[in-house]
Amino acid sequence: MLKVQVAAQLEEIADLLEIQSENPFQPRAFRNAARALEGLAEDLEDVLAEGRLRGIPAIGDSIANEISELVTTGGSKRLRELRASVPPGILEMLRVPGLGPKKARALQKELRIESLEALKKACESGAVAQVKGFGEKTQQKILDGIEYLSSVAGRFRVDQALPRALALLDHLRQCPGVTRAELAGSLRRGKEIVKDIDLVAASADPVAVMDHFLRSPDVAGVVAKGETKTSVRLSNGLAADLRVVSRIEFPAALQYFTGSKEHNTQLRGIAKELGLKLNEYALFRGEVALPLRDEASIYEILGLGFIEPELREGLDEIRLGAEGRLPTLLERSDIVGMIHVHTDWSDGAATLEEMVEAARERGYRYIGITDHSQSASYAGGLTPERVRKQHAEIDRLNSKLAGFRIFKGIESDILADGSLDYEDDMLDLFDFVVASVHSSFKMPQEAMTARVIRALQDPRTTILGHPTGRLLLSRDAYAIDMGQVLKAAGELGVAVEINASPYRLDLDWRLGPRAMELGVKTSINPDAHSTDGMDDVIHGVKIARKAGFSREDVVNTLGIEAFAKWIARRKSG
Ligand code: DGT
Ligand code: CA
Ligand code: ZN
């Protein structure tokens, strides 16, 4: 069983416990254990086999037993009992943004509400507002949440899908008859939200491959099983489709099932113009299938160079390909600086030293520490005094480090009037400033746009953080005119981050071409709140590639000295 699955089951136990009882300690212990598992770098099976589970600080004896039962049997007695004692509708209610187990328990107790439908009715009749601790505002929030839930139903963030997809792929590649297996669909294209997982495999024995696929540990149910296509449902509700084709058909099938549909339609048009025919099996001239070495051969034959999967959205990639003007996309290895990192000086989980060490281990050459600024009291924002202390600590560490540098940054709140969150002489102490909106989200668009642009005009602002404030599948962007913001950023020389957290992925890739046209640079920032959070950079790189960014467009590809010069340039100008 996968780490993420075990973690999810521990979270479910925590939810169920919290619905059942007011004692906060047990649920918290399960949640901490879930987080510890997610952060585990090694294989869970190995850790378990070597009896090292109890050595993990957040995992006590009883939870360790629970975990080993989950891993070895795929379930646990505790979980089954809890599930049986809590109506399933209540668990479903927890998916409503802002409705936690505590509120769900109160609603069950006071109004006997045990399902989403009942909850919706009770909100509409005004009954929820009457419950102690709820009120009109909460009732409206719940109603909005229910509506949002139905609008995002059946969609998953990339972090909910990618690890499972890679595990399936791994499993498939272990099947003896499989010669090739790849990810296709929206996940291969690097979309931030996906509907399902698509896989394509090549084998002479599709039936054996299908059977092997069904034995993947994450498969919870079979939706359809055929000779060439099998659809399953995974333990988190996500669907996965596997197509098995012959080795000869594989390149065309991979191309077809990678999509997008719009891209494919345009590509077929190009083929037609050349007197060829493209479908999911082959590229034909007349009745003859042209020999294809791999997927890239298709694009070559069609005279398009190679169009990277991330660009295949049916925008202008085919025209660019035909004109030989496709960008050389950013690569993961181009990113050498780890920018936008929180430590336990504010709301991060790890110490400054641990974050520095983690960045070094991952091969980065510098790190930009950005804890929260003083107004962010909810996140342990730094008072001026704490800033000075942190800087002394950074100086101390920097003096010990060779070939690696810590830059002194801050994630400064953009206050409601657009000013930054410290006096100017304080701001001057930082090497760079990431300016972000964390409050007063509900401004009219014009006011929000002016507020953010005012922050960009401060010469101390280096990077605009998560520019629209969206949380994927849970909170919409605030009203803001990104066209104007990008224009200002381009003129002022402020970079706009691609926040690489899979919950954000903000700047949206769809704005990439516009940003580049306006001369806006970006920075791929994990917004890491733990050492593992640094690995979110991979999601940011995919989005940057979708946006069409090249290495030159991204500031944290610069070496130490060049980056230092880049961040200093506005202040001195
Ligand atoms: P998703 O699943 O909504 O996140 O997005 P996709 O792009 O993965 O869509 P999906 O899973 O329905 O189909 C995978 C690919 O298969 C799609 O990108 C292109 C290809 N495909 C599926 N149906 C059609 C179709 O009706 N026409 C064409 N041209 N291609 C299709
Ligand atoms: Ca798909
Ligand atoms: Zn932030």
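Solution. Start with the place. Helices (H or I, at least four residues) and strands (E, at least two) are DSSP runs, numbered from the N terminus. The model is predicted: local features need pLDDT of at least 70, side-chain atom pairs count only at pLDDT 80 or more, and totals for chains, interfaces and linings use all residues. Residues are numbered from 1 along each chain as its sequence is written, chains are lettered from A and ligands numbered from 1 in the order in which they are written, and side-chain values use heavy atoms, with hydrogens and water left out.

Next, step back by a residue. Gly259 follows H14 and has a positive phi, near 70°. Then take the bond. Gly259 to Ser260 is a cis peptide bond, with omega near -5°.

Finally, look at H14 itself. Of its 9 residues, 8 are buried. Here buried means under 20% relative accessible area, exposed over 50%, and partly exposed in between (1.4 Å probe, protein chains only). Phe250, Leu254 and Phe257 are among the buried residues of H14.

**The loop between E16 and H23**

Task: Find which two residues a cis peptide bond joins with omega about 20°, and describe Leu505 in the loop between E16 and H23.

Solution. The cis bond joins Asp506 and Leu507. Leu507 belongs to the loop between strand E16 (495-499) and helix H23 (512-517). Leu505 lies in the loop between E16 and H23 too. Its phi is near 45°, a positive value in a residue other than glycine. Leu505 counts as buried because its relative accessibility is 2%.

**The zinc site**

Task: Which residues coordinate the zinc ion (ligand 3), and how are they spaced along the chain?

Solution. List the donors. They are Glu411 (OE), His438 (NE2) and His466 (NE2), at 2.0 to 2.2 Å. Donors are N, O and S atoms within 2.8 Å of the metal (3.2 Å for Na, K and Ca); water is not among the atoms, so sites may look incomplete.

Read off the spacing. It is E-x26-H-x27-H. Glu411 in strand E13 (residues 405-413) and His466, in the loop between strand E15 (463-464) and helix H22 (482-492), are 55 residues apart, so this pair links distant parts of the chain.

His438 is in the loop between strand E14 (432-436) and helix H21 (445-457).

Check burial. Glu411 and His466 are both buried. His438 is buried because its relative accessible area is 15%.

Now the side-chain pairs. A polar contact is a pair of N or O atoms within 3.5 Å; within protein, one must be able to donate a hydrogen and the other to accept it, and residues adjacent in sequence count only if both atoms are side-chain atoms. His438 makes such a contact with Glu411 at 3.1 Å. It makes another with His466 at 3.2 Å.

**Ser440**

Task: Is Ser440 buried or exposed, or in between?

Solution. Locate it. Ser440 lies in the loop between E14 and H21. Its phi is positive, about 45°, although it is not a glycine. Ser440 counts as partly exposed because its relative accessibility is 40%.

Solution. Asp196 counts as buried because its relative accessibility is 10%. Asp198 is buried because its relative accessible area is 11%.

Give the distances from a ligand oxygen to a side-chain N or O atom:

- Arg189: 2.8 Å
- Asp196: 3.0 Å
- Asp198: 3.1 Å

Taken alone, ligand 1 exposes 590 Å², and the protein buries 72% of that. These areas come from the Shrake-Rupley method with a 1.4 Å probe; for residues, only the protein chains shown count as cover.
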